[in-house]
Amino acid sequence: MPVALCATSHSPLIGLHDPAPEVRAEVDAEFAAARAFAEDFAPDLAVIFAPDHYNGFLYDMMPSFCVGAAATSVGDYGLPSGALDVDRDAAYAVAERVLASGVDVAVSEDMRVDHGFVQPLTFLFGSLTAVPVVPVFINCVAEPLGPAVRARHLGTAVGEALKEMDRRVLLIGSGGLSHDPPVPRLKEATPEVAERLTHGRDPSPEQRAQREGRTVKAASEFAHGGGALRPLNPDWDALVLRSLAAGDFAAVDGRSNEWFVAEGGHSAPEVRTWIAAYAALAAAGPYTVRSSYYRAIPEWLAGFATTTAVPLDGAA
Ligand SMILES: O=C(O)/C=C/c1cccc(O)c1O
Ligand SMILES: [Fe+2]
């Protein structure tokens, strides 16, 4: 089974609240290189590990992990909406194998996904339907979270499942690195916000616009050195990139959930998507990182990174 990987940060502020043109151009060049990498590899299946931001997965039923057998983009932040081209047979084969390995993954026949899934798919493939996909949700924000090492176990099990398939698989991790966007937390939520985190799956256009406006405002304040969001942490981001490039998973996933938040902010657990994607790649054998881009971009509220990787044995 030929396999390759692209892991990337996402930010719904891309295009809505951009950094200086030269920074934007630098990231665009990196995306173009990642797109060329994907085109070169020519996958017939993409397996994407991504989080959600209370658009598809809410507190009415919050799994740690979920494989989508069918999935629809909600079209948040003006991104494309509509159905993904989910490979249902592959999704069930992956879910069965993961469950058999002892990782309790949920399955959804109606998964709703947001910018966490949509941005990498559109950046890499140009549309939501260009390449058949198996979407794998990882809860990264809704406490309580399990230990980060469980994301590695999930990724390993997915990688083992893929080895049994005769497919060319591009693994995608979407999220991180250090960042602290204004995603609400149930523990400190007002009753109104708690209600939204539990039942607010289908906001009105006005409610969605309000929420998105708040994020843009927070990004503007943050980029000008104000607001209450935690700072980006390039040193921590470098540690994460270095550790995953070296296959030293324990340096990241062996740490406590509190460590992630203290070092990288409340959304730093999105790094779990990278851990899972890299672990799935590692299931195919030793790997090497082909490209690694990083820049702290406050306008996007993100320590922003994009990496590509391939097996050392040249299976890609
Ligand atoms: O508003 C949200 O739901 C999330 C915003 C955000 C901002 C920056 C980086 C990310 O990974 C995000 O999800
Ligand atoms: Fe996110």
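Modeller: The account below begins with the sheets and then turns to the metal site, the cores and the cysteines.

The model is a predicted one, in which local features need pLDDT of at least 70 and side-chain atom pairs count only at pLDDT 80 or more, while totals for chains, interfaces and linings use all residues. Residues are numbered from 1 along each chain as its sequence is written, chains are lettered from A and ligands numbered from 1 in the order in which they are written, and side-chain values use heavy atoms, with hydrogens and water left out.

Eight strands form an open sheet with mixed pairing, in the order S6-S3-S8-S2-S9-S1-S11-S10. Strands here are DSSP runs of E with at least two residues, helices are runs of H or I with at least four, and both are numbered from the N terminus; two strands pair if DSSP finds at least two bridges between them. Strand S6 (106-108) and strand S10 (287-297) are the edges; each has a single partner strand, so one side of each lacks a neighbour in the sheet. From one strand to the next, the twist averages 15°.

Helix H2 (residues 88-100) lies across S3, S6, strand S2 (45-50) and strand S8 (133-138), at about 150° to S3. Such angles run from 0 to 180 degrees between N-to-C directions, with axes fitted to C-alpha atoms, for helices over the stretch in contact. Helix H7 (residues 234-245) also packs on the sheet, touching S10 and strand S11 (302-311), and its direction makes about 170° with that of S10; contact means heavy atoms within 4.5 Å.

There is also an open sheet of three strands with mixed pairing, in the order S5-S4-S7. Strand S4 (residues 71-73) pairs with S7 in the parallel sense over three bridges, and Thr72 has Arg112 as its bridge partner in S7.

His10 (NE2), His53 (NE2) and Glu270 (OE) coordinate the iron ion (ligand 2) at 2.1 to 2.2 Å. Donors are N, O and S atoms within 2.8 Å of the metal (3.2 Å for Na, K and Ca), and because water is not among the atoms, sites may look incomplete. The donor spacing in sequence is H-x42-H-x216-E. His10 lies in the loop between strand S1 (3-8) and helix H1 (21-41), and Glu270, 260 residues apart from it, in the loop between helix H9 (257-264) and helix H10 (271-282). Both His10 and Glu270 are buried, where buried means under 20% relative accessible area, exposed over 50% and partly exposed in between (1.4 Å probe, protein chains only).

The largest nonpolar core has 81 residues, of which Val47, Phe49, Leu154 and Leu171 touch the most other members. Such a core is a set of buried Ala, Val, Leu, Ile, Met, Phe, Trp, Tyr and Cys residues joined through side-chain atoms within 4.5 Å. Helix H10 gives the most to this core, with nine residues. Among the residues that Leu171 touches are Val3, Cys6, Val47, Phe49 and Ala277.

Cys6, at 2% relative accessibility, counts as buried. Its sulfur is 17 Å from the closest cysteine sulfur, in Cys140, which is too far for a bond. The whole structure contains zero disulfides, a disulfide being a pair of cysteine sulfur atoms within 2.5 Å.

Technical notes: Lists of a residue's contacts leave out its neighbours within four places in sequence.
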